2 protein chains.
Amino acid sequence: MLGAVSRRDVRDTPRPAPTPTTEGQRTVADTTAPPPSVSGGSRRPVPPQSRYGNRPTMKDVAARAGVGLKTVSRVVNAESGVTPDTERRVREAIDALGFRRNDSARVLRKGRTASIGLVLEDLADPFYGPLNRAVEEVARAHGALLINGSSAEDPDREQELVLALCARRVDGLIVIPAGDDHRYLEPEMAAGVATVFVDRPAGRIEADVVRSDSFGGARAGVAHLIAHGHRRIGFIGDQPRIHTATERLRGYHAAMADAGLPVAEGWVALGSTAPERVRAAAEAMLEGTADEAVTAVFTGNNRVTVTVVRVLAGREHPVALVGFDDFELADLLHPGVTVVAQDAATLGRTAADLLFSRLDGAGGAPVQVVLETRLVPRGSGEIPPERGRE
Amino acid sequence: MLGAVSRRDVRDTPRPAPTPTTEGQRTVADTTAPPPSVSGGSRRPVPPQSRYGNRPTMKDVAARAGVGLKTVSRVVNAESGVTPDTERRVREAIDALGFRRNDSARVLRKGRTASIGLVLEDLADPFYGPLNRAVEEVARAHGALLINGSSAEDPDREQELVLALCARRVDGLIVIPAGDDHRYLEPEMAAGVATVFVDRPAGRIEADVVRSDSFGGARAGVAHLIAHGHRRIGFIGDQPRIHTATERLRGYHAAMADAGLPVAEGWVALGSTAPERVRAAAEAMLEGTADEAVTAVFTGNNRVTVTVVRVLAGREHPVALVGFDDFELADLLHPGVTVVAQDAATLGRTAADLLFSRLDGAGGAPVQVVLETRLVPRGSGEIPPERGRE
DNA sequence: CCGCACCTGGACAACGTTGTCAGGTGTAGG
DNA sequence: CCTACACCTGACAACGTTGTCCAGGTGCGG
């Protein structure tokens, strides 16, 4: 962790000061509680009805401009039927008071919030960045705001977050499910909250889904390894609770079966993507007797792939690797990492388009959109089996 | 792009179907408009006062439970003064109707939204993932929801987004500024919207800032190259409009001056981080006569670094490189990329802590928190100058 | 058996905005 | 000069919730 922290009154810094000032002096402080600290404290002790800083309302603007309340509303919403002169007076009052419309009140009156919620599993996972961005772009094109949060793979937290968004009356939801039971969403969906699931299908309810072809992608990836002569191939994936994990495992088994290859007991490892676990699993299936040690590994997602790359980097003999999910710089490693790529941005864009089409009234039964994956050979998947080839 | 898309009624898929079904059949469709499509259309044509799906209100719950409105409110808010029996009746009615409190109305009444806004420049930039996540964790610990969006480095869009968040009456804002004039925020801040800037200071207003020591970090990074024998060092950075870009450039100049080294004209390139531009800039300063070609490059942020790594990977002679910002897999490249690391998560956590301390009533002048950077030698910065060493 | 204190439950107003509708002004035509 | 019409403008209610306040009921003691 980067520990040193310095604080100073901003006045001490007379602007970005282009002169090389005494920028070096710092005081060391506890990073875990940098500023005056706060965390534990109780809620702010201000008078219960603080009304923030007494923001001006339309009523205030109307009084100042000497017009009626509704006229201010008309100006603010660019409705027709206001004399230029009146409008000018109103605008002056708005600027003078620093008025900004209270969207909470507006929402309450109008019924729609022009905002959608996005719940994903980890905001810090690079896979979700482009997805997040794509959803935001679509939302923006529709004049909607995006509210998002991450479930940290915790079903309870997912539910908590989703229901909080519903309480905010988002118009629609895009959810990357962490749990496998979404019946709690039924009343919300019945009440008109459009919902699209991404990456994985909803559990125990019927709902729109946009996902990649995990099964086919994994099958193709494993077949690629088989085509390069491998017969003993390991699979390291995410927890079996997660739909994509089991789909990809299914693809692995299908590819092995297609080639008439047996799958030994120690070749499949499902579980958390924590680096320690993945590292242990990889090392276990790379060791063992010559008949059991794998000559190639298929990894179930980008987190797993990165960890396995680290494991392989420390070994003498190269071992073939194909990973599900592309990742930045995969092409610059030695060897480049062969991957089954899914397009996160398209996933997000497609889901958002579908969501807004529902919001615009598109009816019909829930649909399932499945996006093709793409095998990207870069070297690591083309390493032939060195030893143990029978 | 991954083009192939298939759609089918979800009913056709009798569950994750563990049997290897005909998952292969797909129809090719235009990815840019996948579902029934929507985009251009006008707003939904439903009756103006659709009230979504006529969600039940507290009034409905009260009627069904045979109690008063306020009693329902008491139950929902876990206030005291309700008989267990009454509470049970109310809860049954809530479950039966699928009632969920309308937070818009609640916000309107109470004045605080328990939500904060985060505006960053690119949701897809991996640098912001951990920052985003850290802010979310702090917000969650304070019972607040996080609303975020990205400005795409566009000052107008930043302002638009920030003001939209203010209209939603977020309690506080964390902003990574794209623009250099934030006076538009003055009325909002005066009205009580706590605001903390991250990564870069606010423009033309005084406000809290949490940022890394760009100047010192860049100076240390360039000094590292000088210590390894380089005398002709290039600098490729972001647009000069961006504060961190100029600070890092300042650090570069300081380090060069410290060592008494001149800076030739073609050695500094500021501008967009678009790969084409960076690539051109890098190639230009690597070519040229022996006296002018640089033997080392310092890159101003992670986007630039990645592009330069690509350029260097295609060259015969290794060229030394130190980059600002750490990035995943930097250690696994050949050679490992030496970086000046800043801790995005701490940046976010610190900013969020500061924000909530302001919301909890902490007064005082705006503060500036500066986090130390850390030089991480990995190889690329330790390459000695091959040619042209005088 | 009566009275008092306490406690539960409900009526009501208010938050800031927008839709409805009626009133008022100015202008043009008869 | 009066009527009619168009166009602005503003009063009012309602959105769903919470804070205030009061009424009614219960339990206990006198």
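Student: Is A:E137 buried, partly exposed or exposed?
Tutor: This is a predicted model, where local features need pLDDT of at least 70, side-chain atom pairs count only at pLDDT 80 or more, and totals for chains, interfaces and linings use all residues. Side-chain values use heavy atoms, without hydrogens and water. Buried means under 20% relative accessible area, exposed over 50%, and partly exposed in between (1.4 Å probe, protein chains only). With a relative accessible area of 30%, A:E137 is partly exposed.

Student: Which residue forms a salt bridge with A:E137?
Tutor: A salt bridge is a side-chain nitrogen of Lys or Arg within 4 Å of a carboxyl oxygen of Asp or Glu. The closest N and O atoms here are 3.3 Å apart, and the partner of A:E137 is B:R157.

Student: Why does the pair A:E137 and B:R157 join two chains?
Tutor: Helices are DSSP runs (H or I, at least four residues), numbered from the N terminus. A:E137 lies in helix α6 (residues 128-141) of chain A, and B:R157 in helix α7 (residues 155-167) of chain B, so the pair joins two chains.

Student: Which residue of chain B forms a salt bridge with A:R140?
Tutor: A:R140 lies in helix α6 of chain A and its partner in helix α7 of chain B. The closest N and O atoms are 3.2 Å apart, and the partner is B:E160.

Student: How many salt bridges are found over all chains?
Tutor: One of them joins A:E247 and A:R250 (3.0 Å, N to O). A search of the whole structure gives 53.

Definitions and conventions
Residues numbered from 1 in each chain as written. Chains lettered and ligands numbered in written order.
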